[in-house]
Amino acid sequence: MQFATKVKHDFKTDVNWNRAADLSVKGARALPSASVKYVLDKVPIVGWLPSYRYQWLLNDLIAGLTVGLMLIPQGLSYAKLAAIPVQYGLMSSWLPATLYAFMGTTKDLSTGPTSLIGLLTSEIVEDFQDEWSPSEIASAVALMMGVYGMILGFLKLGFLLEFISLPILSGFISAVAITIILNQMGSLLGETDIGDGTAQQIYDIFQKLPEANGYACAVGFTSIVMLTLLDQGYKRFDKNKVLWFLSITRAFLCLVLFTGVGYAVNKHRGDPKNYLFGVAQVKANGQEPPRIPNPELIGKVASRSIAVFIGAAVEHTAIARAFAVRNNYITDQSQELCYYGVCNFFNSFFHAMGVGGAMSRTAVNSSCNVKSPLSGFVTTAVVLVSVYKLVGVLYWIPKATLAAIIICAVWPLISSPHTFYRYWKSSLADFTSSMIAFWVCLFVSTEIGIASSVGFNIVYLLLRQVFTRMRTASSEPRSELEFAINDSRGIPAAVEDDTRLFRFNDSFFFANAYSLRTQVLDVVQTHHAPIYNSVHGSEAERNWSVVGEQRIARLRKRANISDFASLPPLGLVILDFTKVNHVDVTAVAHLKNLMDELKKYAGPGLHVRFVGMTSYVMQRFERCGWRVDDVSCADYDGEDIEATKMFRTVAEAVAAPRPRDAEVSDEEKRDLKRLQSDVVTAQHNEEV
């Protein structure tokens, strides 16, 4: 009896059991409404389609048609890169665009086969092709990519991808791009037999160069010249609409031109062995019936598919975030992973290779001023027409042309030596992790390269905690004592409502950089009104994307903010680094992106100030190319408005004058206030 009483008392007083009970009650009450909201969040089209304007149809039609024309040569090329029959590249390309119209959270992102997925898939195909057909292996890999994506997306575990730091990504993607180029040299030189492994491939290329097929070389290198000239011509004469169109469709134009050449010189030669140069020999009779990949094969490729998933998922979400920032809207990383998983899972039933976001197609989609993901329906139609009606024509595509398209597409992915030199100047640890990723991925395997570089980063951070150092006031008695006294004064009582303070409570590095950046944006968007300075300058241009707006509405409701029109603008952001003893390259890169997002949200008049940086952290920023000026230094030049100001205390940062305030006239302030009021009213109407 005494034991039962003791147990009962423990249950009543135990903090963990009481917390679990409270959470269970709150969860049960919120379950019905939360379930409906969760389901609706998985199909964002429900939110933005009612606000779609018919005037946008032309933009979406042009963008969808353009991306569809790009997908035909890229789908064929990346299927060849994945070591599967090229027609399966087209079969991989039609479903993603349509599915993204329902589940996507950006208007710009174009998904489909990519060079990164193609190469990583080819490594798995080569290991299992003795037992299974290449297309079956690629489909099994795509299915597992889908499974991993759905797990992380539906459970909101996307933060796990943040353990891949920016230097690791640079090294990994650069190594993959070089490997892709080496793999295409055989086709570019005319079906020359190039061995496996980077070292062996480099040796074979030079050893067998005299045996190259001159006709294939002529086609391949002419294709590269054509693609490069069209690309560089548009960059130099970017206002010429004709050059713009020729540039964005350069891969398709190259494909059409050299397919005609291949047909003209090879059609009457009978046996393909007598062709002057190798052709793709696309063979398909429309879309093959759907089929679930073999369960036994799925089990064998499950572990090997992790590296493909990580690389493609990081690339997909990074592209989505980048274009959301560029075009002033908000994307949802968890929802993007949900789409990524669902798309790869169901796409694998159609004998497809894995798919993900592609930088080149997304850039073209954005440059076409696409208005919504509805452009994906047009893209799907273009690809299906090629699958059912153009297979006979695609038979004559020269393999050297496909190799040229791949090489020109992946060449920009190779990070310049200056990038790695910047890592060297910024941080030896970041440079080392990038070199591990680069060299191990290049000469061993991508799986081991990613695992070893991530493992190095984790071990490095643990060792920093183990061998952490203490500072005493005796080393700098005056400054430390002065800092403690000043900091104890806190923030002045009179603080303007356009000021926001953020304190970092620990080191700022790759694992928490994205999370902290998101928290800052959430607070700013919850408590401050936006002043957009985009080309269009109104919420009406952004109202197809309601994911971010709905999220901010929920945050404001949680903060008991009902009068949206009274929200103040944001004029001053103070970042307190007092407790930060370490930053890395990834954190600085995220902070730079955060500054860009805040400037677009709050306008060019926003001031950002740092507080309490140690000399080590300040040095890290400056080594990353971010100048920080300590205003307490005697030689500080207050006229330099480009550098970020660093103050000793929050009180000093708040009290310091804002130099540019005097440059804004009363009339300009009224115009900004009027624009802010219009935007807030439109946002309020949208949320209602």
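**Working through the model**

Mentor: Start with Asp-193, which counts as exposed at 56% relative accessibility; exposed means over 50% relative accessible area, buried under 20% and partly exposed in between, with a 1.4 Å probe and protein chains only.

Trainee: What should I know about the model and the numbering?

Mentor: This is a predicted model, where local features need pLDDT of at least 70, side-chain atom pairs count only at pLDDT 80 or more, and totals for chains, interfaces and linings use all residues. Residues are numbered from 1 along each chain as its sequence is written, and side-chain values use heavy atoms, with hydrogens and water left out.

Trainee: Where does Asp-193 lie?

Mentor: In the loop between helix 9 (166-188) and helix 10 (198-207). Helices are DSSP runs of H or I with at least four residues, numbered from the N terminus.

Trainee: And which residues is Asp-193 in contact with, leaving aside neighbours within four places in sequence?

Mentor: Asp-204 and Lys-208, where contact means heavy atoms within 4.5 Å. Ala-212 is 19 residues from Asp-193 in sequence, and their C-alpha atoms are 9.9 Å apart.

Trainee: New topic. Is Val-342 buried or exposed?

Mentor: Val-342 is buried, because its relative accessible area is 10%. Val-342 belongs to helix 16 (residues 333-347). Beyond neighbours within four places in sequence, Val-342 is in contact with Leu-99, Met-103, Met-150 and Phe-154. The C-alpha atom of Pro-96, 246 residues away along the chain, is 9.6 Å from that of Val-342.

Trainee: How many disulfides does the structure hold?

Mentor: The count is 0, with a disulfide taken as a pair of cysteine sulfur atoms within 2.5 Å. Cys-368 is buried at 8% relative accessible area, and Cys-624 is buried at 10% relative accessibility.

Trainee: How many aromatic pairs are there in the whole structure?

Mentor: A search finds 27. Rings of Phe, Tyr and Trp (its six-membered ring) pair if their centres lie within 6.5 Å; planes under 30 degrees apart are stacked, over 60 edge-to-face, and the rest tilted. Trp-424 and Phe-431 make an edge-to-face pair, 5.2 Å centre to centre with 80° between the planes.

Trainee: How exposed is Trp-424?

Mentor: Trp-424 is partly exposed, since its relative accessible area is 46%.

Trainee: Which residues form the aromatic cluster?

Mentor: One aromatic cluster is formed by Phe-504, Phe-508, Phe-577, Phe-610, Phe-621 and Trp-626.

Trainee: Last one: where is Ile-458 found?

Mentor: In helix 23 (residues 446-466). Ile-458 is partly exposed, with a relative accessible area of 38%.

Terms used
Helices (H or I, at least four residues) and strands (E, at least two) are DSSP runs, numbered from the N terminus.
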